[in-house]
Amino acid sequence: MVEAAGPGKGEALDTEVLALRRAMFDHSILSMNAVPDLIFDRAAREGWKGRSYESLRAVSRVAPLSVPLWAWLAREDALRFRLEEFLSDVDGFSGALRQYGPGLLGYAVWLVLFASASACWFAVWASLNLLLRARPALTSDVARLLKGLPGQEILASGVVLAFFAVPVAFGVGIAAAAVFWIALSAAYLRRGELVIGGTAIVLLFGVFLCGGFLEATRPIGGVARHGGWLGGEGYHSRGGSDLDAAGRDLLAGPQWERLARSADARAEMQGGNLKAADSIWTGLIEEGGNNADAYNNRGIVRVRLGRIGEGLADFETASELKPAGGRAQWNAYQLYLQEFRLDQAARIQPAAWAGIRALVPFDYRAGEMSHGELIASPLRVGDVWMTLFTVREEWLRDAPGSAFRDMFFRPVSGGWVPGFLAAGLAWMALLKLVSVKVWMNSTCRSCGARTLIVGSREAADVCNACRAQVGKGVRGGEERDRRGLSILLHRRYVRACSVLFPGAGALWAGKEFRALLYGVLLSLSAGLLTVSWSAGRLAGGLIGDMQSDVWKAALGAVAVLWLLGAAWGWRSFETLQFNHNVAGERL
Amino acid sequence: MQGKIADFGIPDIFQLVSSQGKSGSLAISGNDRMTIFLFSGGSIVDVQPDRRESKSLLGTMLRDAGYLTDSELKRFLSFQGTSGKKIGEILVEKGKISKDVLARYLVLQVKECLFDVLTLREGEYRFEGFAVRPVTWGGEPIRPDVLMMEGMQFLDEYPRLKGIFPSGDFRVMRKRGERVDPHAFSEEERILWKALDFSDDPERVYRKACLTVFEGVKGMAALLQRGLIEVSAVDQGGRVDPARLLRDEIAFRRRFDSIRLALWGAAAVAAAVWIHGALLSRGAFRTFSAWVDFF
C-alpha cells in the first residue's frame, strides 16, 4: 500500500485499501496507524509531500484511529478552505482521540507538558520582573548594611547583581532560582505583586507533581508504539501485550486493571490466539459491570472458533446492553444472513446499517461490507482518561525522581522540593510582615526617589512630591538637581526593563492584576512554543510537520505579545509619570 | 560734589549726604573698584557694587544662600539683560524669593558694600544730585548714621576677630554631642548655629544666616569661644566649588547608572541563554516531546 501511494495513483491505492480492509476484518484489526506515517515519510523523502493529501485521505479508511492523520487532514482542509471536509476531519480527530488509547494518553501527556512548560515560563517571567521591581530599594537596603565601607553604593549594586547572576552562573534549575528571586523581592512588593509571586510558587509545585505524573506514565509510551500495551490498535501485535513491563503496575485501580486485561484480549484476538482471547473476555464478563464491548468481542472470537450460536447470543446480549452501539447489531445481522434467518436479519437491518454508519471515525460503506465482515469493539479508553487524572499518591512518590526535578529544581534534592517551595512561600509572608515593622527603603514608582519608611508600605510607594504633583518644582539648589537626576535615571531604568522584560512597566505603573493576566498569556504562548518546537525538531512524520507550523505560530504569538507588552508597559509608566507631573523631557 | 577720600573721609561724606537729606547717587572708587550708593531723602535705598566684586552681588549672595542654583542664576542674569529689570525684581516676580527675603538681602548688600568702602584709604568720591523715588519691590530705606556706627565697630574689631580663625580658607562644623541652650545665644549666634546645618563653608553659612561677614565672624568667634564649634583649615588646593562638586557627582551617577544598566543587560543575556538551556534546548526537548511516542 505504501508503494501504491503517490500523486495520480488513486485507483491503485484504492484497490490496496480495499484489500487491506478485508485482511483487517479477518484479524479483527480496527486500524493500521503506521500506514499514514510510512506514506508521509516516503512522500517527504521523494519530494511529493505537498501533493500527498489525496493519498493520505484515501488511507484514512485503513487508519481511522490515527490521531496525527486526522489532525493533518483537518489542517490541510483549513488551509484550502474546505469547510465540509474540515468538519468531517475534526469529527474523525475527535473520534480517534476518544477511541484510541495511546492517542488519548498522548493528548493527556501533551496537556501536562504544555501546562508544565507554561508554568515554568510564568515563574521565570514573574520572578525576573519582581526582582527588577524590587532592585532599587533592595540595593539601598544592602548599602545600609554595608555602611562604613568605601563606595557602599557600588558594592551594594554589585551584591544585588550577584544575587541575580549567581544562580544563572551555577546553572541552578529555573524553578529554584525563581523561588530564590521571589523570596528576595518580597519585602518591597505590593500586595498584587505578592499574589503574582505566590502564584508562581504554587504553579511550580504543580510542575513538580506533573513530573511525578509523567514519570508514572512514561514507560507506557515507551512501548505503545511497538505493538505492546495499548499499541495493538493498528500495529502488528507480537501475540500478546507487554502488560507487565508497560502498564499494569504503573497505574493502579480496578478500571485500569480491567482496561489492561481488555488490551490483552484484543492483542490475543489480533494475534489469532482465539482460545486465550475467549478465556480473557469470559473472565471480564463474569466480573460484571458494563460489558457490551466484551460481549461483542467474545462473540467474534466464538464465531471464529465455529461456535456460531454462542457468538450470536453474545451479539444479542451486547445489543441489549448497548442498543446504540452499532457493532453488535451489525455482527448479529451478518450472522443472521449467514444462517439464512432472513426474518431476523430484516428486523435488525435498519439499526445495523445506521449503527455502523455512525461509528466515527470508521467509514463503513455498503459496497464494501458484503463478505460477512464482523466489527470488533475498541478499548474503552474513556476509562484511561478517568484513571489518568485521578489524583494518586504515586505522583508525589515518583516526582522526586522525575526529569523535571533535575531540570527545574536542581540542586534541591527531590524529597526537599515541597519543603523548599513551602519555605519560599513562608519566607515571602514573613518578610512582608517584617517589612512593615522595621525601617526599610521604598522606591517611588513614579520618580524613583528612595525613602526609608516603616508602616504601610503600600500607601507610601509614591513619594509625597509626586503625590503633590510638584514635578521638579522643589526649591532650587542641590535638592532640585538631585530630583531631576533621580527622575531621569528611573525613567531610563523602567524603560529598559519594559523592553527586556515585557510587563515590567505595567508593574511599576501599579497594574498588577492586568500584568498577571498578561504574564499568563505570554507564558501560555511560550509553553506552546516549547512543546511544539521540541516535537517539530525531533518527531518527524505527520506530527513533526504539524508541530513545525504550531511552533512558528507560537513564536509569532510570543513576539507579538512581547512587543505589545513592552509598548504597554512603556506607555503605562509614561502615563503614571504624567499623572504625577514628572513626565516629558524637560530635564 | 566730588573729591578725594584722603581729603574727606567716607564717614564724613555719608554724614553730610544724610544730614542734608540729599537724593542722588554717591559713587566711591578705589582699589580699581567702584561702588555706587543711591540716596533718597538722605537714606540709602539701593547700592550697585562693582561687577568685579562678585561676593557683594545680590544674585551671588542668594545663590550662596541656596535660593538659586548656578544655572538658574545664569538664566536670570541673561533674562535681566533682555528685560532691563533688576535681578531682585525678577526673582520676586518669578516667585523664587519673597519680598521679605529680598529686603533682608538688600540690606545685607548695602552693609557689605558700606563696610567694604570703609576700608578704602585712597580713592575718589562723586555725588550727583537728582530726584530718586524708592522702588516698590525694595525694602525700607536705610539711615546711614545707623550703619556708620556698625561700620566703625567693624573697623575696630574685625582685624582682631579675624585673627582668631585660620588665615586661609577654613571649615566650621558643630562639635558632636554638645548640648546647647538656645536661650543662651544672642540673635546672631542663634541664626548662625542654625545655619551651620546648611554648609561647613563659613562664607555660605553667613549668607544663609543673612549676616555680613563681620557679623558672621563675630558670631562664629563667640561660638568658638564657647567650644560649640570646630574649625579646621583647608589648603588652597583643596577648595572646590560646591556647584562643581554637584555637577561632578551627577555626572558620576549617570556614568555609574549606565555601567550598571549595561551589566544588568549582560546578566539578562546570560539568563536568556540559561533559560534557553532549560526550556528550549535539545536536552529539554527529549522531555517535552515524550507525548509523541503515544501517537
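The buried residues of helix α4(A) pack against α2 (34-46), α3 (53-59), α5 (83-99), α6 and α25 (541-579) of chain A. Those buried residues are A:Val67, A:Pro68, A:Leu69, A:Trp70, A:Ala71, A:Trp72, A:Leu73, A:Ala74 and A:Asp77. A few words on terms: a residue is buried if 20 or more other C-beta atoms lie within 10 Å of its own, exposed if 12 or fewer, and partly exposed in between, with C-beta atoms placed from the backbone. Two residues are in contact if their C-beta atoms, placed from the backbone, lie within 7 Å. Helices (H or I, at least four residues) and strands (E, at least two) are DSSP runs, numbered from the N terminus.

This is a predicted model, in which local features need pLDDT of at least 70 and side-chain atom pairs count only at pLDDT 80 or more, while totals for chains, interfaces and linings use all residues. Residues are numbered from 1 along each chain as its sequence is written, and chains are lettered from A and ligands numbered from 1 in the order in which they are written.

Back to α4(A). How far apart are its end C-alpha atoms? They are 19 Å apart, which agrees with the 18 Å that its 13 residues should span at 1.5 Å a residue (the expected span is 1.5 Å times one less than the number of residues). After the helix comes A:Phe81, with a positive phi near 55°.

Neighbours within four places in sequence aside, A:Ala178 is in contact with A:Ala123, A:Val124, A:Ser127, A:Ala200 and A:Leu204.

β1 (residues 440-443) and β2 (residues 450-453) of chain A pair in the antiparallel sense over four bridges; strands pair if DSSP finds at least two bridges between them. A:Met440 sits opposite A:Ile453 in β2(A). From β1(A), A:Met440 and A:Ser442 point one way, A:Asn441 and A:Thr443 the other, and all are buried. In a regular strand the side chains alternate between the two faces of the sheet. Six residues lie between the hairpin's strands, and A:Gly448 takes a positive phi near 85°.

Chain B itself has 11 helices and seven strands, and 30% of its 295 residues count as buried. Five strands form an open sheet in the order β1-β5-β2-β3-β4 (chain B), with antiparallel pairing. Its edge strands, β1 (2-4) and β4 (43-48) of chain B, each pair on one side only. β1(B) pairs with β5 (residues 124-129) of chain B over three bridges, and B:Lys4 stands opposite B:Glu124 in β5(B). Helix α5 (residues 99-118) of chain B lies across β2 (24-30), β3 (33-40) and β4 of chain B, at about 80° to β4(B). Such angles run from 0 to 180 degrees between N-to-C directions, with axes as lines fitted to C-alpha atoms, for helices over the stretch in contact.
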